[in-house]
Amino acid sequence: MIENPRERLSRQKERLQRLRDRARERYAGGAAGLQVASLISEMIDQFLIELLDETLTAWATQHAPETPAEVWVRQFAQNIAVVAIGGSGRGELAPFSDADILFLHRNQSHAELNECVAQVVRDCWDAGIKLGHSVRTVADTLSSARQDPHLATSLVEARLLWGDERLVSQLTWKFRRQVQRGYAKFFSDCLAARDEERGQFGESDRQLEPDVKRSTGGLRDLHLIRWIGYACYGTPDPDLLRLEGALTQDDALALSAGHDLLMRVRTDLHFQAGKAQEILSRDEQLRLADLYDFEGTPGQRPVERFMQAFFKNSEAIADIANRFVARHRPRPFLSRIVQFLLTHRSNHFFLVGPEEISVASRRRPEVFGSLERMLNLYELSGLYSVEIAAPDVESVRQAAPKLPKKISDKSAKTFLSILGQTGHVGRLLRGMFSTGLLDILVPAVTHARCLLQFNQYHAYTVDEHSLRAVEAAENFAATPGPIGAACRSIRPRHILHLALLLHDLGKGFEEDHSDLGRKIAEETAGRLGLPAALRELLMFLVQKHLNLSLVAFRRDLSDPKVIADFAREIGSPERLTMLYVVTACDMTAVGPGVWTDWKADLCTDLYERTMLVLSGSRPEFRETERFLQVRDEVAGLLQVPAGDEPALMELETRLRSFPAHYLNATAAPQVAADLRDLEELETRPVIVRSHFERGAYTGEYRVITRDRVGSGLFNKITGALTAKRLGILSASICTTAKGEVVDSFSVHDSDHADEIPEFRIREVEQAISDVLLGKRTVESLFPRHSPFLKRSSPPVTAAEPPQAVIDNDSSDRCTVIDIFAHDQQGLLYTIASTLLDLQLSVTLAKIGTHVDQVLDVFYVTDHNGGKIHDEARLRQIRETLVHRIEDFSKQGLQTAVPA
């Protein structure tokens with residue numbers, strides 16, 4: 001009886017679900033990750049074999065009825081082999097992993113094979129197994145493996161599932177010979193494929209949302225060791241590689257423990273998602289930390305302790321993989337000859353060649369028994385721009401734990417010399433970090449190793465971030481522009497690099513990390529024997545490393561008081577220059593795309609203004625110079641005759657009615673355009689301009705009108721933009737002395753994937769105009785019962801609670817409110833509505849988004865145009881803002897748009 005296709009599909013799905021349920025029960029019962037992976041692999045093997053038998057039997061019954069089905073299948077199996085490769089070949093599958101299968105056949109044509117394979121593949125996909133498969137002969141497989149590294153590496157794990165064992169033996173024997181004869185190509189192909197994967201999924205083993213399979217320190221690094229081990233020793237098995245002397249016992253144990261943890265996490269991610277899921281996201285980190293019963297400390301949350309353990313595991317795997325690769329890298333004969341001929345002795349202890357430096361054989365006991373000599377090795381590695389030989393790196397690693405914790409003056413001097421180099425400091429510090437030497441020189445590094453900062457801002461752990469900051473300084477030193485020039489001018493250079501290494505090592509404790517960092521800097525300076533002046537400089541840079549960015553991003557830089565106060569805090573041009581570079585390097589090392597052009601411009605603006613104060617020049621001169629430059633450019637654009645003094649004086653008076661931040665941040669052509677629009681306000685009370693680049697969905701709406709204190713203008717404009725589903729990226733608020741308004745809003749229109757159509761731009765302009773003219777209310781722009789008014793997704797589990805910080809000291813005229821919150825569309829309108837309800841007027845707004853966190857700054861006054869001084873009133877403002885933002889995050893815009 002022929003089975004109904006629908007019944008067949010249902011039966012296969014039920015069978016697969018039973019297999020996964022069994023694996024889930026075993027996992028929930030406490031089975032190790034590798035045990036569960038092995039069980040899943042065995043069950044999938046059996047599933048495929050049964051499926052193949054059923055398919056072949058059905059085919060024989062239908063197409064060869066003259067022969068008993070079991071006889072036909074047995075004969076068929078003499079020319080076919082079903083081979084598990086890749087993860088299937090290793091016997092290691094996560095619950096929703098792809099199954100990699102090679103259908104191997106002899107040279108004869110098998111039409112029935114193609115038909116049966118097609119049916120098996122369809123059944124697997126219908127049942128819920130993604131089958132990666134190919135149908136080849138032995139010759140085809142070997143030929144393809146020469147061109148395709150992914151196929152070649154998967155064949156390392158080949159194992160027979162069903163059919164002719166002789167075919168598999170023939171394949172594995174010939175493939176082994178092929179790899180041995182082409183070892184250099186196989187090695188380079190494996191490494192290139194792995195490097196490409198790391199670049200795509202995470203070059204650091206301490207990336208904060210790692211891919212457990214593909215990121216550095218993930219499962220793929222374990223596979224890389226297996227592939228190279230197979231090529232060199234004929235086996236991919238780590239235990240056999242240990243017996244061959246290719247791995248130490250400690251490394252083999254670390255790989256085994258690391259392998260099990262990664263498979264445990266991967267299995268849990270698959271079961272939780274109900275599909276293949278390799279990313280250990282922030283929400284999953286929180287869940288697993290709770291599931292694995294991690295406890296917090298006063299300075300670390302449970303999730304941070306869990307991820308620190310995870311990253312230490314990844315770091316160990318990545319380190320072992322890197323050392324294994326270095327030891328087995330093929331060295332062409334000619335390269336070895338050149339290395340031998342061009343090698344010279346240095347310092348009686350070391351042999352320096354064109355590619356690497358090594359320790360002379362008879363000097364090894366002296367070098368690897370002395371911290372000073374090992375630091376000499378790293379120092380010369382930098383000076384000669386060569387790598388340290390892999391066996392010597394291994395010797396340093398083994399020697400480091402036995403060294404005394406106290407360091408000599410010579411060792412300290414050599415370490416400072418290394419820090420003062422150019423172009424190799426980051427590489428050398430990474431080398432000393434991986435071997436443990438850096439922990440001896442700077443003990444605070446040990447606590448920061450793999451330390452997680454559980455927030456949306458940082459992309460790396462503290463140790464990785466610190467090393468990247470040093471590398472950023474070296475990169476800036478080789479680039480043009482103000483930061484590059486400042487970086488190259490810094491002396492002493494070793495203090496800059498040491499400050500960058502130390503600046504975040506105070507994290508993970510209960511105390512503020514900047515204050516604790518100052519103590520760590522003081523201890524490190526004493527340990528390294530720094531003189532008093534350099535000690536104070538180092539302590540200052542570490543403690544104040546956030547201050548320049550805080551002022552640049554949160555304060556009105558056109559306010560002379562802000563600049564004067566900041567200059568007083570810094571104290572000298574030398575400190576300012578170093579803090580400027582530290583800021584740029586720190587933000588660059590946070591993660592990709594964090595150090596943007598506009599952040600660089602703000603920091604550079606603050607740096608230049610403060611430098612004028614500290615170097616003795618009057619800041620008013622710079623402001624006057626800038627004002628006259630803008631006046632002359634605008635006069636030319638407005639065609640004011642050069643000799644017409646009354647017209648020039650009238651223009652100057654007009655320009656002086658604008659606040660300083662507008663003239664500093666606005667290009668002359670835009671100032672001229674704004675002046676033309678302001679002249680039209682007599683006949684057109686509201687003018688809305690828009691600008692979108694062709695092909696872009698990010699642009700600007702510019703509003704020109706008149707205002708009065710307490711009118712809620714800022715609230716109305718943000719409300720209109722929000723009602724039209726626009727994301728507000730930044731805002732520039734400008735009110736002239738005459739009460740004229742020139743407000744600019746940079747927006748993102750996600751309603752249109754390509755170029756914004758003209759009708760959409762006109763629609764938004766009309767909405768803004770209607771609201772400001774009183775023709776419509778903001779509330780009427782929001783469609784009633786629209787899903788847009790409600791949260792479209794659940795609150796972010798890992799989001800930090802909102803904060804409202806009030807500063808009454810930075811501005812003489814305004815109260816400054818800093819708001820920290822999780823970014824969501826409609827947040828700015830919610831804040832603007834709250835400020836209006838609190839009877840506050842916004843005179844300046846600085847809107848900033850860091851990854852998915854906003855830091856919005858509002859300069860506000862009361863309805864009389866003054867600061868708010870009453871403590872009870874300030875407390876009410878702060879509490880109301882936080883409460884409204886919390887309500888918004890839970891309920892959506894309905895909190896700001898009453899029915």
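This report walks through a few local features of the predicted model shown above.

## Ground rules

The model is predicted, so local features need pLDDT of at least 70 and side-chain atom pairs count only at pLDDT 80 or more, while totals for chains, interfaces and linings use all residues. Residues are numbered from 1 along each chain as its sequence is written, and side-chain values use heavy atoms, with hydrogens and water left out.

Let's begin with a strand. Helices (H or I, at least four residues) and strands (E, at least two) are DSSP runs, numbered from the N terminus. Strand S2 covers residues 99-105, and six of its seven residues are buried, so S2 is largely enclosed by the rest of the structure. Here buried means under 20% relative accessible area, exposed means over 50%, and partly exposed lies in between, using a 1.4 Å probe and protein chains only.

S2 pairs with two strands, S1 and S3; pairing requires that DSSP finds at least two bridges between the strands. Strand S1 (residues 80-84) runs antiparallel to S2, and five bridges join them. Within this pairing, Ala84 stands opposite Ile101 in S2. Strand S3 (residues 131-136) is parallel to S2, with six bridges, and Leu131 in S3 is the bridge partner of Ala99.

## Helix H3, a helix with two sides

Helix H3 spans residues 69-76, and its buried residues are Ala69, Trp72, Val73 and Phe76. These four lie on the same side of H3 because they cover an arc of only 100° around the axis, where the arc is that of the directions from the helix axis to the C-beta atoms. Glu70 and Arg74, on the other side of H3, are exposed.

Leu528 belongs to helix H26 (residues 513-528) and is buried, at 4% relative accessible area. What does Leu528 touch, not counting residues up to four places away in sequence? Its contacts, meaning heavy atoms within 4.5 Å, are Ile407, Ala412, Phe415, Leu416 and Leu498. Ala360 is 168 residues from Leu528 in sequence, and their C-alpha atoms are 29 Å apart in space.

Arg323 sits in helix H14 and is also buried, with a relative accessibility of 9%. Leaving out residues up to four places away in sequence, Arg323 touches Asp251, Glu394 and Arg397.

## Cysteines

How many disulfides are there? Taking a disulfide as a pair of cysteine sulfur atoms within 2.5 Å, the count is zero. For Cys487, the nearest cysteine sulfur is that of Cys585, 5.7 Å away. Cys585 is likewise in no disulfide, and its nearest cysteine sulfur is that of Cys487. Cys487 is buried at 0% relative accessibility, and Cys585 is buried at 0% too.

## Backbone points to check by eye

Most residues other than glycine have a negative phi, and most peptide bonds are trans. Asp293 has a positive phi of about 60° although it is not a glycine. Asp293 lies in the loop between helix H13 (282-291) and helix H14 (302-327), and is exposed with a relative accessible area of 62%. Ser385, also not a glycine, has a positive phi of about 55°. The loop holding Ser385 runs between helix H17 (371-383) and strand S8 (387-388), and Ser385 is partly exposed at 46% relative accessibility.

Finally, the peptide bond between Arg491 and Pro492 is cis, with omega about 5°. Pro492 is found in the loop between helix H24 (482-489) and helix H25 (493-502).
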